Amino acid sequence: MHFRGLLLGLMVVSLVAALATPPVAAGGTIKGTVVLKGTAPEIKKLEELVLSPQAGIRNAVVWLDKPPTVATAEALPSTVSMDQRECTFTPRVVLVPAGGKVDFLNSDRLLHNLHSTPSANAAFNRTQPKGRTITISFSHPEIIRVTCDLHSWMRGWVVVADHPFYAMTNGAGEFELRGLPPGRYTLKAWQERLGTISRDVAVGDQDPTPVTLEMPAR
């Protein structure tokens with residue numbers, strides 16, 4: 001009986017200790033908006049700069065300049081798709097990790113041509129008839145423009161990320177970066193018409209950490 005009582009007591013103590021142990025923190029979140037600062041420029045090309053009624057910028061890419069070594073960010077999908085519909089790339093911008101792939105689709109009835117001359121990755125120039133999928137791998141981080149030689153207005157962008165802390169803004173210009181330990185970070189934001197900006201932000205007790213990134217009109 002003494003042994004059974006001691007064993008029961010140890011089990012109760014272990015259970016109480018487990019319940020009292022706080023869960024492992026998933027890390028902080030930066031939750032922000034990328035907005036246009038100034039008067040909207042005249043847009044000469046389709047979807048070059050898409051704004052919400054509140055000047056939020058769609059399809060801007062936000063990332064950490066120097067990511068933390070210890071973090072809990074979710075990995076980016078290793079394969080993404082970019083379609084061609086009504087002679088536009090859809091979506092116009094995709095995010096893929098270094099070593100990942102993009103499945104280029106053609107849902108149009110027309111013949112298209114995938115053409116790009118990256119700096120760090122291999123160049124490609126591929127004719128693409130309707131219904132054919134062309135898969136291309138990207139090994140090195142960089143921002144790559146994709147065009148169609150047959151339709152000069154067509155533009156698409158592949159952003160190859162070197163770590164998981166990248167995000168794309170939605171139609172309201174909003175983004176989130178999750179799994180961040182407390183500390184100071186440098187955020188960068190890129191948009192095809194407006195270029196790249198930087199801003200420092202501190203992740204601390206407040207969660208999520210709010211931030212507004214203003215991109216000057218050009």
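**View 1. Five charged, two polar and two nonpolar residues make up the lining of the second largest cavity.** In this classification, Ala, Val, Leu, Ile, Met, Phe, Trp, Tyr, Cys and Pro are nonpolar, Asp, Glu, Lys and Arg are charged, and the others, Gly among them, are polar. The model is predicted: local features require pLDDT of at least 70 and side-chain atom pairs pLDDT 80 or more, while totals for chains, interfaces and linings use all residues. Residues are numbered from 1 along each chain as its sequence is written, and side-chain values use heavy atoms, leaving out hydrogens and water. A cavity is a set of points, on a 1 Å grid over the protein atoms alone, where a 1.4 Å probe fits but cannot get out; lining residues have an atom within 4 Å of a point. Points are joined across faces, edges and corners, and the volume is the space filled by probe spheres set on them.

**View 2. The largest cavity holds about 50 Å³ of space.** Its lining is formed by L46, E47, C87, T88, F89, R92, W153, M154 and R155. By class, five of these residues are nonpolar, three are charged and one is polar. The number of cavities of 30 Å³ or more is two.

**View 3. The largest pocket has a volume of about 320 Å³.** Among its 14 lining residues, E74, Y166, E176, L177 and R178 are the closest to the centre. Strands β12 (166-168) and β13 are the elements that contribute two or more residues to this lining, and β13 gives the most, with four. The lining comprises nine nonpolar, two polar and three charged residues. A pocket is an open set of points with protein on both sides within 12 Å along at least five of seven lines.

**View 4. Three strands form an open sheet in the order β13-β1-β16, with mixed pairing.** The edge strands, β13 (174-180) and β16 (209-216), each pair on one side only. On average, neighbouring strands of the sheet are turned by 25 degrees against each other, direction ignored. Strand β1 (residues 28-37) runs parallel to β16, to which eight bridges join it; T33 has T212 of β16 as its bridge partner. Strands are DSSP runs (E, at least two residues) numbered from the N terminus, and two of them pair if DSSP finds at least two bridges between them.

**View 5. Strand β3 (residues 79-85) is joined by four bridges to the parallel strand β6 (residues 100-104).** V80 has V102 as its bridge partner in β6. With strand β4 (residues 88-90), β3 pairs in the antiparallel sense over three bridges, and Q84 stands opposite F89. Two residues lie between the strands in the hairpin of β3 and β4, where E86 adopts a positive phi near 50 degrees.

**View 6. V158 belongs to strand β11 (residues 155-161).** Leaving aside residues up to four places away in sequence, V158 touches V94, V96, V102, F104, F138, E142, I143, I144 and V146; contact means heavy atoms within 4.5 Å. The C-alpha atoms of V158 and P141 are separated by 10.0 Å, the two residues being 17 residues apart along the chain.

Technical notes
Axes are lines fitted to C-alpha atoms, for helices over the stretch in contact, and angles run from 0 to 180 degrees between N-to-C directions.
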